[in-house]
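Please keep the structure in view while reading.

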Amino acid sequence: MTERPPEPPDGASGPPPGVGRLADLAVSLARQAGELAVARRATELSVSTKSSATDVVTDADQAVEQFLRAELAKRRPDDAVLGEEGGSSGSSDARVRWLIDPIDGTVNFMLGLPQYAVSIAAQLDGVTVAGCVVNPVSGELFSAVRGGGAYLGAQRLTGPRAVPLAEAVLATGFGYDPARRARQGELVGRLLGRVGNLRRLGSAALDLCFLAAGRVDLYFEGPLGEWDYAAGLLIAQEAGVATSGLAGRPAGAAMVAGAHPDTAAEFFRLLEEYGAASLI
Ligand code: LIP
């Protein structure tokens with residue numbers, strides 16, 4: 001499992017030390033949670049559904065989130081937590097809030113597709129300041145601290161290619177509601193005539209990390225759970241990705257979109273022109 005980069009040397013510019021400690025905890029817990037997910041994948045999974053027949057959750061998702069919550073309760077008892085499976089816990093006055101997706105890409109995990117991740121983000125006073133996304137199958141560990149850059153292991157990430165939209169590879173995802181999925185499909189169908197290619201990899205957290213790593217050139221999806229995108233969005237932003245939400249608003253639960261700064265305005269305009277607002 002590749003590790004987080006070294007802290008900036010004393011005196012260098014970068015995030016305040018307290019944020020570094022949050023980042024270190026996110027990395028440590030994400031690595032351990034990833035190992036637990038892999039171990040649980042080797043056992044007989046019990047699968048149930050949530051909002052629709054395709055919105056699955058396994059006992060592994062629940063076990064990994066329980067592990068993360070127990071570790072956070074032990075090490076950071078005054079912090080709040082928002083997790084995909086267990087919802088919100090802790091005081092609404094807490095300065096630090098953790099956002100955890102125990103297994104992002106649950107359908108891939110259930111099917112044995114090696115494209116899923118543990119995603120952990122830490123917010124300080126409502127701003128995401130540290131994030132870690134681990135693919136426990138590949139061993140890739142993406143991390144970022146606000147103001148400190150984005151990394152794959154110790155390798156600095158510098159974002160997507162500055163290619164024309166007509167050559168750009170677009171990553172996206174689809175929701176669990178059939179009617180909304182149909183609308184998302186119509187939007188993607190229109191975009192396909194304007195971009196170079198499409199990838200639907202199954203994990204928003206990893207899609208955003210791949211944008212940060214230059215493995216895809218464009219990304220959008222919406223709506224998303226805050227736990228899906230919080231860490232990946234910070235990693236993408238710290239890699240220099242230009243991001244946006246709907247109608248020029250900041251990226252958020254309604255939609256997360258990202259591109260190279262040179263193509264971002266054209267891409268975001270295209271999303272609006274092709275009806276992204278209809279996705280929420
Ligand atoms: C998934 C996202 C993915 C999206 C799926 C699902 P989950 O999260 O990461 O991008 O398209 O519909 O929301 O549910 O596997 O944690």
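A pocket, as the word is used here, is an open set of grid points over the protein atoms alone, where a 1.4 Å probe fits, with protein on both sides within 12 Å along at least five of seven lines. A molecule sits in such a pocket if more than half of its atoms lie within 2 Å of the pocket's grid points. In this predicted model, the space that the ligand takes is the largest pocket.

Which residues are closest to the ligand? The ligand is surrounded by 15 residues, and the closest are Asp104, Phe174, Tyr176, Ala204 and Glu221. By class, the residues of this shell comprise four nonpolar, five polar and six charged. Two domains take part: domain 1 (19-156) and domain 2 (165-279) each supply at least three residues to the shell. Among the elements of the fold, strand 5 (residues 96-104) gives the most, with three residues.

Individual atoms can now be considered. The side chain of Asp104 has an N or O atom 2.7 Å from an oxygen atom of the ligand. Ala204 uses its backbone instead: an N or O atom there lies 2.7 Å from a ligand oxygen atom. For Asp228, an N or O atom of the side chain is 3.3 Å from an oxygen atom of the ligand. On its own, the ligand has 380 Å² of accessible area, and the protein covers 94% of it.

Two details of the backbone remain. Between strand 13 (218-221) and helix 6 (226-238) runs a loop that contains Pro223. The peptide bond leading from Gly222 to Pro223 is cis, with omega near -5 degrees. Another loop, between strand 6 (117-124) and strand 7 (127-135), holds Asp125. Asp125 is not a glycine, yet its phi is positive, near 50 degrees.

Definitions and conventions. Residues numbered from 1 in each chain as written. Predicted model: local features only at pLDDT ≥ 70, side-chain atom pairs only at ≥ 80, totals over all residues. Heavy atoms only, no water. Near = heavy atom within 4 Å. Polar contact = N/O pair within 3.5 Å; in protein donor to acceptor, adjacent residues only side chain to side chain. Areas by Shrake-Rupley, 256 points an atom, 1.4 Å probe, with all protein chains shown as cover. 1 Å grid on protein atoms, 1.4 Å probe; cavity = no way out; pocket = protein on both sides within 12 Å on 5 of 7 lines; lining within 4 Å. Helix = DSSP H or I, 4+ residues; strand = E, 2+ residues; numbered from the N terminus. Nonpolar A, V, L, I, M, F, W, Y, C, P; charged D, E, K, R; others polar. Domains from an automatic or database assignment.
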